[in-house]
Amino acid sequence: MTATRRQVLNTGLAAAAVFLGLPRLASAQDVDAAIAEFTGGAEAAEEGVTLIAPEIAENGNTVPIEIDAPGAEAIMVLAAGNPNPDVATFNFGPAAGSQMASTRIRLAGEQDVVAIGRFPDGSFKSARAHVRVTIGGCGG
Amino acid sequence: MAENVTPRVRAPREAAPGDVVSIRTLISHPMESGQRRDGDGNIIPRSIINRFTCDFNGENVIDVTLEPAISTNPYFQFDAVVNESGTFQFTWYDDDGSVYEETADIAVA
């Protein structure tokens, strides 16, 4: 059987998509799965949570971030472009003075960092910050 | 595995009732992510602190679940509200089962 020019092109495109696209897709699915596990599938409004991260991080091994979600009972932080998107989950107790925390995280490369806050009324709010990383932090 | 793990805590020594105080903690720990390879190409097994908690007089302030994406020497800054004198109890839980503890006293008047 002789393949037409169009068939050959389509096959090539599909192969390229599989080759280039799958790792990213898998990661995006991981992120969605992690978010769904935290929110139980509820929609997260893009407000009410502050995520402070540098626009450019020189060293991906220690990227300072700060999260603030007044009134939240828990905040989950995800790094969408890491091999494993989970970063940390902060649960605030009754003696917490505010729903704010800062820490230092590892980022494998340029990517979005996502913070999702869970509120006592069952709602979820999220914030997103794009970080460019000069040297990746996963020992690659 | 993790050697020379030293917790350090910075908290105010005194405050007024109802004050919100800022607390900073640092613990020296390699936080081996389980993603890195050694010179022979073998994966270095994961060895991290997976949980950090802070309580004030038995009441929880913050309870953090850590994943390998937390940097070496995990650092946290957060706020606590103090209504009476007491003790902050800080606890770090290592993957290998070790528990590291530190306390800080605060006088509220």
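Strand β7 (residues 96-105) of chain A pairs with β6(B) in the antiparallel sense over four bridges. In this pairing, A96(A) has A80(B) in β6(B) as its bridge partner. Strands are DSSP runs of E of at least two residues, numbered from the N terminus, and two of them count as paired if DSSP finds at least two bridges between them.

The model is predicted, so local features need pLDDT of at least 70 and side-chain atom pairs count only at pLDDT 80 or more, while totals for chains, interfaces and linings use all residues. Residues are numbered from 1 along each chain as its sequence is written, chains are lettered from A in the order in which they are written, and side-chain values use heavy atoms, with hydrogens and water left out.

A further pairing across the two chains joins strand β6 of chain A to β5 of chain B. Within chain B, β5(B) also pairs with β4(B). The table sets out these two pairings.

| Strand | Partner strand | Sense | Bridges |
|---|---|---|---|
| β6(A), residues 86-92 | β5(B), residues 59-66 | antiparallel | five bridges |
| β4(B), residues 49-56 | β5(B) | antiparallel | six bridges |

Opposite N91(A) stands D63(B) in β5(B), and F52(B) has V64(B) as its bridge partner in β5(B). Two residues lie between β4(B) and β5(B), which form a hairpin, and N57(B) in the turn has a positive phi of about 50°.

The contact between the chains (heavy atoms within 4.5 Å) takes 28 residues from chain A and 29 residues from chain B. Together the chains bury about 2,300 Å², 50% of it on carbon and sulfur atoms; buried area is the accessible area (1.4 Å probe) that two parts lose on being put together, summed over both. On the side of chain B that touches chain A, the elements giving two or more residues are β3 (19-27), β5 and β6 (75-82) of chain B. The largest share of this side, eight residues, comes from β5(B).

Confidence is given by pLDDT, the predictor's value for each residue from 0 to 100. Chain A has a mean pLDDT of 84, and 81% of its residues reach 70 or more. Over residues 18-25 of chain A, however, pLDDT stays under 50. Where pLDDT is low, the predicted coordinates should not be read in detail.
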